[in-house]
Amino acid sequence: MGEHLPILQVILPLIAAPVCLLVRHGAVCWLIATLVSWLCLAIAVLLLMQALDGGTIRYQLGSWVAPWGIEYVVDRLNGFILVIVAAVGAVVAPYALRSVAEELPERQIGLFYVLYLLCLSGLLGITITGDAFNVFVFLEISSLSSYALISMGRHRKALHAAYQYLVMGTIGATFFLIGVGLLYLMTGTLNMADLAEQLKPLAGSRIVLAAFGFIVVGMGLKLAVFPLHLWLPNAYAHAPSAVSVFLAGTATKVSLYVVLRFIFTVFGFEFSFAGQPFGPALLILAIAGIVVCSLVAIYQDDVKRLLAWSSVAQIGYMLLGLSFATALGLQAGLLHIFNHAIMKAGLFLAMGCVFLRLGSCRLEAIAGVGRQMPWTMAGFLLCGLSLIGVPLTAGFVSKWYLVLAALEKGWWPVAALIVLTSLLAVVYVWKVVEAAWFREPPGTAGRVGEAPLVMLVPLWIVVAANIWFGFETSGSVDVAKAAALALMGAVE
Amino acid sequence: MSGGELIALALLIPLAGAGLIALAGRRPNLRESVTIATALLLFAVNVRLAVGVLDGETPALRVLEPVEGVPIAFSIEPLGMLFGLVASFLWIVTSFYSIGYMRANGEARQTRFYACFALALGATMAVAFSGNLLTTFIGYEALTLTTYPLVTHHSDAKSVRAGRTYLGILLGTSIALLLPAIVATWMLAGTLDFRAGGIVSGTASDGVVLLLLGLYMFGIGKAALMPIHRWLPAAMVAPTPVSALLHAVAVVKAGVFVVLKVIVYVFGIDLLNSSGAGSWLIGIATITLVLASVVALTKDNLKARLAYSTVSQLAYVVLAGALATQWGVLGGGMHIAMHAFGKITLFFCAGAIYTALHKTEVSEMGGIGRAMPVTMLAFLVGALSVAGLPPGGGTWSKWYIALAAAGTGHLIVVGALMLSTLLNVAYFMPIVARAWFAPQAARPARSVGAMAAPRESGGLQEAPLFCLIPLSLTALGCIALFVFAGDLETFLAPMIDGLSTRGR
Amino acid sequence: MWQTFLGLYNYWIVILLMMAGFYIVMSRHNLVKKLIGLNIFQSAVFLFYISVGKVRGGTAPIVEEGITSYSNPLPHVLILTAIVVGVATVSLGLALVVRLKEAYGTIEEDEINEMDAAG
């Protein structure tokens with residue numbers, strides 16, 4: 001049993017999905033989805049612990065030996081990402097019960113869980129696989145299911161957002177496919193470890209460079225790197241609340257993982273950073289993304305949209321850490337993947353609670369909601385403080401290491417930029433806080449009650465995580481450090 | 001009980017108090033009892049700690065390590081102990097005062113008020129006892145955030161606007177300037193611990209030291225150096241007990257306290273002297289202390305005048321540190337305590353006047369001395385202390401600061417100090433004079449509040465006893481500090497002695 | 001010169017198709033046409049994979065007497081999967097277009113944008 005954990009990680013939700021499709025009954029599907037999500041989390045944690053203790057786990061699918069067969073590989077980096085994805089899934093699943101029942105028509109509820117499980121399976125698959133083409137397959141599994149999930153949003157704009165995402169996402173995935181095809185053309189292999197070996201003598205090749213470009217741009221689309229982010233705000237804003245939480249916490253993170261995996265493991269540090277101005281280009285895009293998207297976020301009047309723009313800006317911080325091309329920078333970026341997942345998940349969870357009660361997340365609609373839903377909005381506030389980077393929250397630890405990494409490089413202006421842009425976060429978080437606590441509720445709305453416990457508990461688990469990982473960081477910082485060193489060490 | 005446990009208690013008592021206050025929210029008498037019990041307990045712990053510190057102990061506590069190599073650590077040196085003592089003692093007094101003030105004025109949301117007050121005191125303790133820069137930073141930010149609901153207590157458009165200024169400046173400067181300064185210090189020195197003689201010394205060029213000092217001084221927005229003082233007058237929209245304890249004692253003193261600690265334990269006064277980085281700071285502090293006094297002269301609103309007076313007095317402490325001599329640091333440390341007692345008395349008086357007569361503007365205060373003799377007498381004592389005249393405790397601290405300025409040859413600074421004292425007298429004494437000697441104003445030009453208009457009788461009309469007794473106590477405290485200033489000096493002596501390799 | 005150009009004709013066709021598809025996706029406002037463009041774009045990539053798997057003179061990869069040269073089957077197998085994905089994408093896209101038509105009464109993107117902006 002133990003040695004089959006890597007495949008179970010992916011196959012459990014993959015099998016549960018058609019089971020749900022057969023059952024169709026909303027509550028039963030919810031139960032299955034929740035149990036599977038929790039099992040996935042348990043498996044992910046076990047895998048990470050194994051990877052941290054005993055080094056990389058390799059699992060040959062159907063005992064076909066790599067590089068001919070497909071291989072699943074769990075090392076410190078993707079073990080870390082697996083835990084993030086599974087943890088967000090485990091929080092979202094119980095939360096979805098009331099949220100989905102409220103936002104979706106009765107007959108779609110069973111289907112929602114089918115799609116959710118498929119999406120989870122796809123995201124876990126992307127992360128765990130050691131085969132380049134397999135990444136594409138899982139990428140499409142998760143993407144197709146997330147297009148459908150987003151289209152389930154209550155407003156018709158959700159359909160349009162899903163369509164736009166479908167077009168952009170497919171272009172991104174196809175770019176990635178071209179890149180993988182070029183690599184296969186040059187090396188005749190698809191196994192990542194084998195690719196890395198075969199690519200070493202080909203460092204000067206223009207075709208490999210083209211492959212690099214296609215893969216990075218393709219995943220950049222999925223990752224919503226500025227300026228390829230245009231699909232994201234609409235998708236997050238109009239998707240059902242549970243979907244916003246899930247995607248905000250997982251989808252972009254997994255795409256970033258793929259970029260990291262290709263940059264460091266497949267192409268190699270030397271090729272990616274030394275051979276071409278990749279680092280500076282990334283730096284510029286990251287900074288532009290942070291500044292522009294934070295500013296745009298300030299001018300949003302729908303809180304979910306505001307959070308979505310903030311997500312694009314936060315992706316910039318992760319890329320910023322990566323663009324330093326140092327172990328410390330990489331560590332800061334990885335850490336921010338984790339910390340951003342918990343803070344943004346918490347914020348979207350809180351907004352889901354508000355949406356459940358008010359049917360809207362617009363600033364004028366949430367006026368005065370802080371008094372009516374004190375627990376929900378207190379959770380929002382704490383996660384918001386984490387987003388700003390106030391000490392004793394997870395966000396502070398991210399900021400600390402990012403600034404440290406920038407100073408280590410001697411890049412004072414970048415360090416200054418990191419702290420200045422977190423002031424923009426103060427502005428947009430405080431816009432919501434002022435609306436929720438200091439404005440009178442609109443006259444038309446009656447009093448609303450606190451969100452149900454089944455939604456509050458997941459929210460507060462995430463809030464507690466935000467506080468916990470601001471204090472006790474051995475679970476996040478040390479793992480991020482181990483993963484960063486492993487990535488850097490693999491190439492030096 | 002060990003020192004570490006006592007520190008943990010000092011941090012947890014206000015937290016637990018806040019929780020209990022929230023629970024007791026529906027029963028005001030129980031809630032206020034909890035507040036006072038918490039305040040008393042906190043003061044007792046502080047006294048117990050102070051006894052240890054007097055014996056030469058250094059109580060310390062390490063909790064966790066959120067970022068590699070930098071734990072959350074507490075360690076008490078004399079200056080922090082003094083700050084903790086002053087803040088926790090004045091909290092007791094303020095708690096009584098708050099009861100009188102909040103009830104007499106029929107303020108809403110009192111549970112939130114008392115709970116946030118307790119939390120703010122917890123944050124103050126964290127700042128006072130912090131053993132390294134990271135812990136200081138955490139306490140500092142927590143103090144900003146816990147006082148924000150107090151500043152915006154009235155929840156109207158005006159207080160929301162003021163809250164924005166407050167949060168924007170304090171959070172903004174701390175994240176944009178103080179945090180990078182701390183990270184840079186970590187990069188340079190490899191430690192963030194406070195150590196006698198400083199940690200930056202020998203790790204950076206003079207230029208970097210200068211830059212770093214700038215980041216620190218403007219990053220610590222709570223010290224209200226011009227031009228980042230705007231938040232302090234803005235914070236005056238809060239109920240008066242908040243202005244009294246937090247914006248005359250806890251918050252602003254946290255600012256100058258951190259400034260002194262950074263100067264003494266991070267840079268070290270020797271480094272400040274040798275690099276010459278302190279000279280621009282002396283300039284800015286001097287300008288602030290004169291300019292703020294001038295602005296105070298122009299303010300008709302009593303609380304606004306007091307706020308600018310505070311800005312000016314804070315600059316004294318910064319100046320004292322920037323002079324980088326033992327006299328200076330001693331004067332600065334003492335001024336934290338002296339000004340705390342003086343200014344809280346003044347704010348208490350302002351609140352008492354508002355409660356009893358509903359007057360907020362200085363021009364309306366003609367003849368109120370006859371209606372409120374005790375209050376106005378206390379006001380006089382507080383004003384003398386803040387201005388630095390006997391029999392107020394402020395005399396001594398200003399004396400030492402002037403001595404330091406003269407000793408280092410900054411004659412212009414000495415002149416500025418004299419000028420500032422004159423200005424202090426100029427903006428305080430008209431209030432006192434008007435209160436006693438001017439004819440009573442016919443009707444208040446601008447009556448504030450929903451309470452019944454004050455009676456036109458010439459008889460006594462003091463604020464409730466809950467207000468009157470605390471302000472008399474703090475006024476007496478000002479005089480006591482004048483008499484027992486020597487003991488204060490002894491208390492701070494261990495810190496002063498370790499300051500420099502050079503003599504006094 | 002001509003040798004390289006003609007010798008690599010499969011790549012030229014792929015690039016031509018790919019750019020044509022990409023151009024349609026970017027330039028058309030009609031949602032169905034966009035999907036068609038997307039499909040052409042994807043198909044071009046499939047062709048690319050299939051053509052690089054072909055070995056000149058090789059036959060199908062079936063083990064039989066006397067056959068030494070055969071085409072690489074792996075890209076072809078991969079593309080089978082990719083085609084399935086492509087079909088799924090287009091069908092999901094078309095389903096969305098149907099729903100969009102129901103919700104907005106149009107499949108012209110600029111008109112939908114106008115309605116979205118109106119609220």
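**Close-up views of a predicted model**

View 1. B:His358 lies in the loop of chain B between α13 (326-357) and α14 (368-371). Although B:His358 is not a glycine, its phi is positive, at about 60°. Most residues other than glycine have a negative phi. Around B:His358 there are 19 other C-beta atoms within 10 Å, so the residue is partly exposed; the label "buried" requires 20 or more such atoms.

**View 2. The loop at B:Ala224.** B:Ala224 is found between α7 (206-219) and α8 (231-234) of chain B, in the loop that joins these helices. This residue, too, is not a glycine, yet B:Ala224 has a positive phi of about 55°. B:Ala224 is buried because 30 other C-beta atoms lie within 10 Å.

**View 3. The cis peptide bond from A:Phe226 to A:Pro227.** The bond that links A:Phe226 to A:Pro227 is cis, and its omega is near 0°. A:Pro227 has its place in the loop between α8 (206-223) and α9 (231-238) of chain A.

**View 4. The cis peptide bond from B:Pro390 to B:Pro391.** Here two prolines of chain B, B:Pro390 and B:Pro391, are joined by a cis peptide bond with omega near 0°. The loop that holds B:Pro391 runs between α15 (373-387) and α16 (394-407) of chain B.

**View 5. The side of chain A that touches chain C.** In this interface, 23 residues of chain A are in contact with 26 residues of chain C. On the chain A side, the elements that give two or more residues are α5 (132-151) and α6 (157-187). The largest share comes from α6(A), with 15 residues. By residue class, the side of chain A that touches chain C divides into 15 nonpolar, five polar and three charged residues.

**View 6. B:Ser279 in helix α11 of chain B.** B:Ser279 is found in helix α11, which spans residues 278-298 of chain B. With 16 other C-beta atoms within 10 Å, B:Ser279 is partly exposed. For B:Ser279 and B:Ala128, the separation in sequence is 151 residues, and the C-alpha to C-alpha separation in space is 27 Å.

Methods. Residues are numbered from 1 along each chain as its sequence is written. Chains are lettered from A and ligands numbered from 1 in the order in which they are written. This is a predicted model: local features need pLDDT of at least 70, side-chain atom pairs count only at pLDDT 80 or more; totals for chains, interfaces and linings use all residues. Helices (H or I, at least four residues) and strands (E, at least two) are DSSP runs, numbered from the N terminus. A residue is buried if 20 or more other C-beta atoms lie within 10 Å of its own, exposed if 12 or fewer, and partly exposed in between; C-beta atoms are placed from the backbone. Two residues are in contact if their C-beta atoms, placed from the backbone, lie within 7 Å. Ala, Val, Leu, Ile, Met, Phe, Trp, Tyr, Cys and Pro count as nonpolar, Asp, Glu, Lys and Arg as charged, and the others, Gly among them, as polar.
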